[in-house]
Amino acid sequence: MRKLLLTGFEPFLDFPINPTHHIVEKLNGKELNGYQIEGRILSVDYNKSGREILEHIHDVEPDAVLSLGLAAGRYKITPERIAINCNEIKEEDNEGNTPDGDPIQEEGPDGLFSTLPIKSFVKDLQSKGYPAEVSNTAGTYLCNHVMYQALYHFHVNHQQVPSGFVHIPASHELAVQHGKLPSWSQTDLTDAVKHIIQLMP
């Protein structure tokens with residue numbers, strides 16, 4: 001059976017809950033669309049997360065990679081089109097790192113495009129009643145960092161492994177604890193990701 005590496009993140013900044021963590025835990029070990037799902041949780045740390053996803057790719061040897069991240073404030077599921085070669089944030093990561101425009105890979109291209117069928121994801125989700133649209137910016141925080149690292153790895157090693165990143169809104173539980181955030185139920189967030197996996201090549 002093919003293997004899908006599904007990643008999420010630990011809680012970060014002032015978000016005490018990360019719904020991607022719950023999705024990965026829920027789907028880890030499940031079989032969907034001919035894939036055995038291998039779920040892994042990444043650190044919110046510029047010095048660790050990139051290395052962690054590469055270690056998971058090495059260990060799992062996946063046939064596809066789908067990374068998830070929280071985009072608190074967005075109200076739609078947003079598959080990302082591109083990762084840019086830049087680390088930058090005004091706040092801190094969980095370990096206090098504050099990169100200021102540093103490249104992710106010194107010799108890497110300025111940007112790398114998702115190799116997932118992101119438009120098909122959006123069309124399918126919309127047809128099922130889930131708000132969704134393609135996003136043209138994954139930001140410059142850890143989500144972009146992880147997306148770029150995985151795509152760069154497959155690019156330089158000439159491996160045709162579909163890989164990309166999808167941002168999700170806050171869960172209701174997080175919204176209640178945080179305050180003013182658009183949110184979905186955790187069940188709907190998980191089901192939307194399951195629909196995405198059903199369209200993985």
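Predicted model: local features only at pLDDT ≥ 70, side-chain atom pairs only at ≥ 80, totals over all residues.
## Two helices in contact

Helix α2, which covers residues 49-60, packs against helix α4, which covers residues 142-156, and the axes of the two helices lie 9 Å apart at an angle of about 40 degrees. Because of that angle, α2 counts as oblique to α4. The crossing in which α2 passes α4 is right-handed.

On the side of α2, the contact is made by Ser 49, Gly 50, Ile 53, Leu 54 and Ile 57, while α4 contributes Leu 142, His 145, Val 146, Gln 149, Ala 150, His 153 and Phe 154. Sorted by class, the residues of this contact between α2 and α4 comprise seven nonpolar and five polar residues, with no charged ones.

## The largest pocket

The largest pocket of the model has a volume of about 330 Å³. Its lining is made up of 18 residues, and those closest to the centre of the pocket are Ile 89, Ala 138, Gly 139, Thr 140 and Tyr 141. When the lining of the largest pocket is divided by class, 10 residues are nonpolar, four are polar and four are charged.

## The second largest pocket

For the second largest pocket, the computed volume is about 160 Å³. The residues that line this second pocket are Leu 112, Phe 113, Thr 115, Leu 151, Phe 154, His 155, Gln 159, Gln 160 and Val 161. Phe 154 is also one of the residues that α4 brings to the contact with α2.

Strand β9 (111-113) and helix α4 each give at least two residues to the lining of the second largest pocket, and it is α4 that provides the largest share, with three residues. The lining of this pocket holds five nonpolar and four polar residues, and no charged residue is found in it.

Searching the whole structure turns up one cavity of 30 Å³ or more, and the largest cavity holds about 40 Å³ of space. Phe 9, Phe 12, Asn 18, Val 44, Gly 69, Leu 70, Tyr 141, Leu 142 and Cys 143 form the lining of the largest cavity.

Strand β4 (64-70) and helix α4 each supply at least two of the lining residues of the largest cavity. Among the residues that line the cavity, Tyr 141 is also listed with those closest to the centre of the largest pocket, and Leu 142 also takes part in the contact of α4 with α2.

Note on methods. Residues numbered from 1 in each chain as written. Heavy atoms only, no water. Axes fitted to C-alpha atoms, helices over the stretch in contact; angles between N-to-C directions. Helix = DSSP H or I, 4+ residues; strand = E, 2+ residues; numbered from the N terminus. Parallel < 35°, antiparallel > 145°, perpendicular 65-115°, else oblique. Left-handed = near helix turned anticlockwise from the far one by under 90°. Contact = heavy atoms within 4.5 Å. Nonpolar A, V, L, I, M, F, W, Y, C, P; charged D, E, K, R; others polar. 1 Å grid on protein atoms, 1.4 Å probe; cavity = no way out; pocket = protein on both sides within 12 Å on 5 of 7 lines; lining within 4 Å. Points joined across faces, edges and corners; volume = space filled by probe spheres on them.
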